[in-house]
Amino acid sequence: MPELLHTLPVTRIVTTAAALDGASVPEDALVLRTAPDEALVIHAEAADPDAITIDDAHAIVVADAGWSGGWIPTAAADTFLDGNCSWARPIDRPAFAQGMVAHLPVKLWFEAERTLFVVPHVSAHELTHRLREGGIA
Amino acid sequence: MGGGARKVAPDPTSTNRCRTLGAVSDDTFDFAGRDITFAPGDSALLALTRHGIHPAGGGPLCFAGDCPNCLCTVDGISYVRACQTPAEVGVRIEPHPTNGEPPLPAWDTEAKTVAAIHRRADVVVIGGGESGQAARQQAADAGRIVELLDTNDGAEAIAVYPGPIVVARTADGMVNIECDDIVVATGAAEIQPIVPGSRLAGLWTPRAAAHVQAAGIDLGLTVAVGDVSDDAAATVVAPGELVRFEGEERLAAVITMVDGAEVRTEADNAIVGLGIHPRTGLARMANFMDVEVVGDAALEPTVPTCPSSGIACPCSNVTVEQLDDIYERGFTHMELLKRGTLAGTGTCQGSVCTPYLRSFLQDRGQELQPAFTFRPMAKQLTMNEIAAGSHLPALARTSLDSVHRDLGAQMDRMGGWWRPWTYGDTDAEYAAVRERVSLGDVSTLGKMILTGPDAEASLQRLFPTDVSTIKPGRSRYVLMLNERGYVMDDGMIAREHDGTFFLTFTSGGASMAEMWIRDWSASWGHDIRILNQTMSLGAINVTGPLAKELLERATDDDLPPFLGHCNITVAGVPCKVLRVSFTGELSFELHHPVDRSVELWTALMDLGADLGIQPHAIEALFRLRLEKGHIIVGIDTDYDSTPRRLQHEWAVNMKKGDFIGRTAIERTNRLALDKRLVGFRTEGRAPFEGAVVWSGSDYAGWVTSAAFSPTIGAGVALGWLEAVDGEFPASVTIDGLDAEIVSPHFYDPEGARPRA
């Protein structure tokens, strides 16, 4: 059975909101802004904190292996979220949202054809189990 | 459904004196072992009525889901209303016992999971009657997305929660609809009679009678009492005001009062019209939200005549006499009557008794009071329905979880994590730490980076230690206090050479600590950056007298001195190494990227094979740290544990500036010490954890942690010793053992071994 979730190549940023607004990240990276002053940068390949520039001498910019994620086709993701997500999901695509999904802290990146589920690595086993319970193979 | 229509002869044991049963088919369901035929579209109650059966034996029937008088066990599920249950082939219905409650269902591990469905709408309209349909149309015309919930269409609203979220039971599962607006169009219930004899069979509300008659059922000699609509056909009208019903099990006569004299009207059935009571339960449940109530649900309720006797609340079997009794004791409010008698807390949630409770209080001179608070659920749910969409609390797994399981560890839940309790031989694990070298998975420790221009200033105010004296490359044990000076957590602060700080906290304490730091720093206006790395860094504790020898095989870099730390590569894995001991032995915590944990663990186990390396789990760790006298916050501490009571005053620097808890500590330090955490030593065995400490026959505390120490050769325990009559006892007994009160530091009290 293929793994649903994999370790993501992430650089984690903690800085000021203004500095994060002006941060420069690789073009092929996906940036999930999890808080005004915090972001997960998901690189196309390996995590690369040096590829990120931020105008904040105190910014924390570190590679972070603590995140797992997996892409799920939109229809299957929506079916799963209908039963396991009690909050209103964004309608626009692409869009980012985060909250409790199947009683786990999940970050979601919605694209037209697929949705990226991201969880702390320590919860990946549980989310995988709950995704499978929800009919996602 | 099939077969031609035919008439069924009345059951001779009928409690329902109906003369014509109406057309039914050959299809049947089971009621108490009898085959019950029914007509297409019948509810189970209507079908039973055709056969002259009252499923509960007696009590007025409403056919609207408002009362508890047709409750049955349907397909093994109790407290189901027969009037809300479609008559279907194969359904099995059992009446509830006339005395007592229906039996609990058998444990069914194969029970089908009820799905949770989450939807979004602009408007939810509850109730599909005329006013509900109008509200739906109005909202739809305004371009709004509308969900209409109608019990008759299989969508029964059962709760309204803040959000607002409306929860409905449907055939597909429990639907949770988040919405902006709610319209309650649930109509009104008919008030049922509460007089002597109102538990007889043969009593109908006007709508129920009309419904039954429309189904072709002839109710025979039918007497109308009160205000009965034209839809329900009565043979005669009883004059005057209702006094009581008479009969044996079922109705024989209606007694009314006319000009001070009782009038007796013989009857097979009675249709009793006493007014309406709006179904406002769901609106009251949402009383703090903006809910629109329309149609009959918005009508003023009828206040019926105060009952003089009889059962006022049929669900909880509360009599008028019991209401009187509780009223005389000062329960003079609707909410108090409910609490004092349980009236209104049963199956119908006050639908029957609420009007009478209001009139009862009004009759006794109280202002007419509104109905009492209504809380979820509005209707009974099965445990499966309640559990829809629920999951067991998720436990985090360290990156070494599979390693522990492969080693055959007995896993246990601690602090929100799965952790190895033992690998099967705790004594051997313990010995490996004390005598050789061992690995422990401490990935669950809270881990945090704190930096920014005001990082040190924040830490100075957050912790009672003088952070300014922690030199780069050094670390210090710290307590985290709340404003009352009580210990909330403990951990380490390590200062990096670049001015940032690395903090550790207890397992499970990181989230709270992060919020604590963020909130206070924000309130002080401090410019800091915090990164919680608890989930991102694994941590392995390398501990034992041979720990250094093992690590020197794994790295060419220098290892830190006691309470020092450094960033080095160990077995090819980048690690932040903290030299800090919880076991009482020479120890190094290796904090590393979580995806390298297995690699690091495996390499160290391989390198230490000839040293007799063996991993240790939590049971051994607890024993080791107990011998050393290291507390575990949450186990050895209480909600009022000050550093002084814990004998941790050494961790508080009162010469520094202000810090959280300082004022409280200054104040409590002026008070006599009333309890303190001490060590207890017992011979032969350890007391059990939680055991009471006795000073003679006086309570003198309790044991927080205990184990037999093979190294000490005695039972060792930490526990609270409380002053008795202002004095700390000198001798105590615990769990039947004489216990010596000693220093908590049983093992290596000078601390030489971690510094080796």
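Because the model is predicted, local features are described only at pLDDT of at least 70 and side-chain atom pairs only at pLDDT 80 or more, while totals for chains, interfaces and linings use all residues. Residues are numbered from 1 along each chain as its sequence is written, chains are lettered from A and ligands numbered from 1 in the order in which they are written, and side-chain values use heavy atoms, without hydrogens and water.

Helices (H or I, at least four residues) and strands (E, at least two) are DSSP runs, numbered from the N terminus. Leaving aside neighbours within four places in sequence, T426(B) touches E619(B), A620(B) and R623(B). Is T426(B) buried or exposed? With a relative accessible area of 8%, T426(B) is buried. The cut-offs are under 20% relative accessible area for buried, over 50% for exposed, and partly exposed in between (1.4 Å probe, protein chains only).

Now find the open sheet of 5 strands in chain B, with the order β30-β31-β32-β29-β33 and antiparallel pairing. β30 (475-481) and β33 (529-532) of chain B stand at the edges with a single partner strand each, so one side of each has no neighbour in the sheet. Neighbouring strands are turned by 25° against each other on average, direction ignored. Two strands count as paired if DSSP finds at least two bridges between them; β30(B) and β31 (residues 487-495) of chain B have 7 bridges, in the antiparallel sense. In one of them, L481(B) has V487(B) of β31(B) as its bridge partner. Helix α11 (residues 455-462) of chain B packs on this sheet, touching β29 (446-451), β31 and β32 (501-505) of chain B, and its direction makes about 30° with that of β32(B). Axes for such angles are lines fitted to C-alpha atoms, for helices over the stretch in contact, and the angles run from 0 to 180 degrees between N-to-C directions.

In helix α13 (residues 547-554) of chain B, the buried residues are A547(B), L550(B), L551(B) and A554(B). Seen down the axis of α13(B), they fall within an arc of 95°, so they line one face of the helix; the arc is that of the directions from the helix axis to the C-beta atoms. An α-helix has 3.6 residues a turn, so residues three or four places apart point the same way. The cover over the buried residues of α13(B) includes β34 (537-543) and α14 (597-607) of chain B. In helix α7 (residues 354-363) of chain B, 8 of the 10 residues are buried, so α7(B) is largely enclosed by the rest of the structure. Its buried residues pack against β21 (276-278), α5 (320-328) and α6 (334-341) of chain B.

Finally, look at some backbone details. Most residues other than glycine have a negative phi, and most peptide bonds are trans. Y79(B), in strand β4 (residues 77-81) of chain B, has a positive phi of about 60° although it is not a glycine. A cis peptide bond joins G163(B) and P164(B), with omega about -10°, and P164(B) sits in the loop between β9 (156-161) and β10 (165-170) of chain B.

Conventions. Contact = heavy atoms within 4.5 Å.
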